[in-house]
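Have a look at the sequence and the fold first.

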Amino acid sequence: MTNKTTLPTVTLPARMSLIADEFANLDISVLPFPFAKEVAKFRYEMERVLSHTKKTPITPPYRQLNNALLACAPTLTHGFEYFEVENSIPVFQALAVGTPENPLLTPAPDRIQQLVQIWAQKWTQQYHNKGKKDEIDSVCDRFLETVEVMPTNWEWKRIKPETLVRDLNAEKGLGFQAIPSLLATRLHGQKCIIRSGGREQEIQWRKVQGSGSGRVGLFLVSKPFKAIYSDDNGNEKEGYFAYRLDFKVETQAGRFNKNRNLEPWIFLHLSCQRYAHEPLSKANYNRDISVLMGMNKERLSGYEVDSTLVRLVVENNSREQDFSWKFLLPDLLAAFKARPLEKSENILQNPTAFGNLNNVNTWGEQDEYYVIHTEGYKYKHEKHSRGHSIKVGFCFMERGDIIARVLELFNNVLISDAPMECDIPTPSGKGAPLAMQDYSFISKSPYFTLKQRERLGIEAIQRCVEEHRQDRKQTIADALKRSLQGKPMHLWVLWRERDTYDTIYRQLRDTFLLNEKENFPQHIQVSQLWINNSDLLELLDNAGLTPKDGKNFEKQMRKQHEAKRDLWRQFLQQHITSLSHHETVPNCFAIIEIGQTKKKGYLPQQNIKGAVREACVLEKINSQMIQTVKPKTTEKEDDQENTEPTYSKQTKGRVMNAVLDATLRQGGALYGLPSEVYASAKIPEIIAQQLDVIAFCRRKINRYQGDIHYALAVRLRATGEVETLLPGASDWTSYTQAGIAVGKLFSDARRDRIEENKKRVQSRIRLKGIELVQFVADVLTQHLERPTIVLIEAEGWRNERGEDNDSKNWFQLKNEYLLAQRDVLNFYHVPGHNCEYTRDNNQLINLLSVVRLRTRNETPQYITNRKTWNEDVISRDFKHLSGFLDKTVPELLHYFSVGGLPNTQKGQDSKTARELYMLDSQDDEYGANIAFKHQQMMEIVPFFVRSDFQAEEYLKALCRVPHYMRISPAWSMGNTLYPYPMHLGNQLIDDCLCILGLDN
């Protein structure tokens, strides 16, 4: 291996092309669920006979059926998962795949029907004690009679895999699930060797069924490996992990095959899956525990087994340590007369006894169980608890090595993509505009070399430092004045404990770079208020109830929330609202101590944050919460010495983040002018000086407490002003006032839900898909005042699954349409528009371009510095924000943005660490002790580009704008995931989620 460690200039994406002909000898079979119509009829009739009672809508327990079915049939790819809607009836179908090495093994439909009958009987039993017995029994009996009849011609249907490769939309898009599962099946049981230095390591791949909550399909894991190392304190650590490999089908706008169908990309995603080997003492509240189960002996007669692992879940929804298999799995298996599972509590308390973690060859016919570790779990270790010893992630070298070996196993079935070339360097360090700088840069004193120190002398250096500080202090004051549009700001510190106030006040002064006797800027008033009533900080009283108590628990929590909110409103009205004049000081902020919100024996629902925030928005106060600050304890205390308290690095960071959020992010401040950023991106100067960037922001949550689907638009002006437009509003409002407005909307929605009880009501925070795209169309045609770039994510805006056509969004954003419609805005389906806008429309003269963004799983992993996966070059992370050009589709520029190495991850970029595999060690550094985290890509695609910006140099400039704007002055650890205006909008919505209890 060469020792060359130059900075990266290219990036090689882990995306591959498929050779369709190689799939001809593979098998795909689907089996539709034949009783969907009968299930829908049973739901309707049961809801009708229960209509006189208070109830929730009846939901068929398909997940319960699938969970039990997969526990018996590991040879399936997935059970009866939702597939489509046909004639207003949901269609569910099972999937199975096979290869010559791992042939297709499907249970006979008549055997599956027997399980469906038992499942139906279990489902109907819960209704026998509700409503009128005769009516209930009649509905249940009719339903059970229908599922007892074997459907005619109910058989597994064979599908040609090459058909799905050539047309991803064939068979209603089945290829998106079937192709990754075929690739995983093809590697099942195969081995490869990776090499690090003189060490060889064999990886044997094994299929896993069930990718995660709400997702289906197969992925691969290796056999478990044990890592032993010494941590930074010399303590010996050990833990178990496996390599996890996921395949994902993705497409690219405008990338078509010869048949004019979208050409699939296959993304290879490598991750570290960690297993528990010590007793589990703490899981994450209200989050299920995943367990992989492997059968070495059939569980139910007639159901074949292989070595596939099946993902099962253990329920965890209360504060009691009452873990049990979810979806009544033991009861259903018993009803199936299937061999039972091991008790879940036994597995969690002794993982090594039930999982073959050490890969012994004498395991025999016993089932295998592997508890998947999730961040936040704690395990019993001697006399204390600890987390998992293995750090997550792999270095680029290990990622590249494994993917190279996988490509060899596929033997040209997958063809690697070409590397992407780097764009011009992104401004960084002292050369970057002030609007791209964060607090760590602004607060840093100037650096002098030894020669400069000798030449200047101490006094001259001190003068330079003071002049620099005064200049930066003015920069901070100007930033807030711009973001608040010249209006004053009143900032309150509400505290209970003196340590909390002292640390906040000290950080506030540091944030404004104030010397000991200097005052805050003239337009900023800082006040403090002691919280004189301890009841304000008491957690909500659950009266001994838990979520398992259902309505009684919900009623108690609502009552407590309202009481706490009203108590805080009284306090704020007495001490703040009466003293603040919103006409003269409209921007009122508060940093509020809320005690310790996480206490042993308390539920997350008892957190007072939502009640406090609701009280604040009702009193027109922007708020930032912080838990009580405590100093570090020392082993020796000298009562005779009046020593200053000291605080941990974590505590200082927590306080700094809270203060910066309240003073910078909630004000929408940037240290410099955005126009300077636009000019650096090569936007023509005359446009850069007046350019607006508008970002559409969306948040959707489905929870048992309720659901939201809300959106807003944020506009960043070239002058640094930040404004927000809410759906239904006629004009833009300041970002700070928008926070109050959204909070009030959420407060109203909370009240509506309480008053309407369980009846679903339409709400302004629960928007339909058509309302989202109408909002976009209205903004683009009615609210562009200056030259504008519009940013919008593909996810959530391009379409929304649903039974009603009104749930569709802006499908022009989909990959199959974007190229053909790149010069129009297709709003034919949008009320109030019903047309296709072209570039010559006078309403759109200010629109330079719409820019579509894709992130997360829709963009590939990568390695750097290599043009091929086998190239012998050391990879390293990008030191700064970097942009890359992808010219796969000549008619559409695809630009990829990759964040720079965060400050928290600098340890992975040392000369030694860059080459450490998980099981390697060198110079007292261990791969298992390094949390390798690499920045993900963001895809940026401009369309509907104004004629004067369609040259390649201007298309690149349009892409650089959101790329350069992945910053926030209040975020000093690295780049934000989204461009600044989109980051602001997402954070604004997230601030208000706690009002509805949706932040737990």
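## Ground rules

Helices (H or I, at least four residues) and strands (E, at least two) are DSSP runs, numbered from the N terminus. Contact means heavy atoms within 4.5 Å. Axes are lines fitted to C-alpha atoms, for helices over the stretch in contact, and angles run from 0 to 180 degrees between N-to-C directions.

This is a predicted model, where local features need pLDDT of at least 70 and side-chain atom pairs count only at pLDDT 80 or more, while totals for chains, interfaces and linings use all residues. Residue numbers start from 1 along each chain as its sequence is written, and side-chain values use heavy atoms, with hydrogens and water left out.

## The parallel sheet

Helix α17 (residues 649–663) lies across β22, β24 and β25, running at about 175° to β25. Those strands belong to an open sheet of 4 strands with parallel pairing, in the order β23-β22-β24-β25; two strands count as paired if DSSP finds at least two bridges between them. At the edges are β23 (524–530) and β25, each of which pairs on one side only. Direction ignored, neighbouring strands here are turned by 15° against each other on average.

Zooming in, β22 (residues 489–495) and β23 run parallel and are joined by 7 bridges. W495 stands opposite W530 in β23. Helix α15 (residues 551–577) also packs on this sheet, touching β22, β23 and β24 (587–593), and its direction makes about 125° with that of β22.

## The antiparallel sheet

Another open sheet of 4 strands pairs in the antiparallel sense, ordered β4-β5-β3-β6. β4 (78–86) and β6 (157–159) each have a single partner strand, so one side of each is left without a neighbour in the sheet. β3 (residues 27–32) and β5 (residues 89–98) share 6 bridges, and D27 has G98 in β5 as its bridge partner.

Two helices lie across these strands. Helix α2 (residues 62–72) covers β4 and β5, running at about 145° to β4. Helix α6 (residues 175–187) lies across β3 and β5, at about 20° to β5.

## A helix pair

How do α1 and α3 sit, roughly parallel or roughly antiparallel to each other? The axes of α1 (residues 36–49) and α3 (residues 109–125) come within 13 Å and cross at roughly 10°. The two helices are therefore roughly parallel (angles under 35 degrees).

In the contact, V39, F42 and R43 of α1 meet W119, W123 and T124 of α3. By class, that makes 4 nonpolar, 1 polar and 1 charged (Ala, Val, Leu, Ile, Met, Phe, Trp, Tyr, Cys and Pro count as nonpolar, Asp, Glu, Lys and Arg as charged, and the others, Gly among them, as polar).

α16 (609–618), β25 (622–626), α20 (735–756) and α24 (980–993) each supply at least two residues of its lining. The lining divides into 5 nonpolar, 5 polar and 3 charged residues.

Conventions
Angles under 35 degrees count as roughly parallel, over 145 as roughly antiparallel, 65 to 115 as roughly perpendicular and the rest as oblique.
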